[in-house]
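I opened a new notebook page for this one. My plan is to look things up one at a time and jot down what I find.

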Amino acid sequence: MKGTTIDLGSYIDRDICCSCGHTHFSGVKLIDIDQGALTRLPGHIRDLGYHKVFLVADINT
Ligand SMILES: [Zn+2]
């Protein structure tokens, strides 16, 4: 089975033309998917100027 590659950078802080015919805004500021991402999280939060965080994860992340 062949996988699909998605350019996650195309979802960061920009308008997205949706298949529903509308344009939606993605307010995502940063995506970090890599080994050690959790240890970099405090720095990302600080760099983006946030003070409260809602973290969603599963056993794989
Ligand atoms: Zn849509």
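I checked the length of helix 1, residues 37-48. At 1.5 Å a residue, its twelve residues should span 16 Å, and I find the end C-alpha atoms 15 Å apart, so the two values agree. Then I looked at what comes after the helix. Gly 49 follows helix 1, and its phi is positive, near 80°.

Entry two, confidence. I noted that this is a predicted model. The protein averages a pLDDT of 89, and 97% of the residues score at least 70. Strand 1, residues 14-17, has the lowest confidence, at a mean of 93. Strand 2, residues 23-26, has the highest, at 96.

I counted one helix and two strands in the protein. From the N terminus on, the order is β-β-α. How does the radius of gyration compare with the globule rule? The radius is 14 Å, while the rule gives 10 Å for 61 residues, so the protein is more spread out than a compact globule. I also took the extent of the C-alpha trace. Along the principal axes it spans about 35 × 35 × 15 Å. Then I looked for burial across the chain. Buried residues make up 0% of the 61 residues.

Entry four, the strands. Do strand 1 and strand 2 run parallel or antiparallel? They run antiparallel, and four bridges join them. Five residues lie between the strands. In this hairpin, Gly 21 takes a positive phi near 100°.

I looked up where Asp 13 sits, and found it in the segment before strand 1. Its phi is near 50°, a positive value in a residue other than glycine. Is Asp 13 buried or exposed? I counted 10 other C-beta atoms within 10 Å of Asp 13. The cut-off for exposed is 12 or fewer, so Asp 13 is exposed.

Definitions and conventions: Residues are numbered from 1 along each chain as its sequence is written. This is a predicted model: local features need pLDDT of at least 70, side-chain atom pairs count only at pLDDT 80 or more; totals for chains, interfaces and linings use all residues. pLDDT is the predictor's confidence in each residue, from 0 to 100. The radius of gyration is taken over C-alpha atoms; the globule rule is 2.2 Å times the number of residues to the power 0.38. A residue is buried if 20 or more other C-beta atoms lie within 10 Å of its own, exposed if 12 or fewer, and partly exposed in between; C-beta atoms are placed from the backbone. The expected span of a helix is 1.5 Å times one less than its number of residues. Two strands pair if DSSP finds at least two bridges between them.
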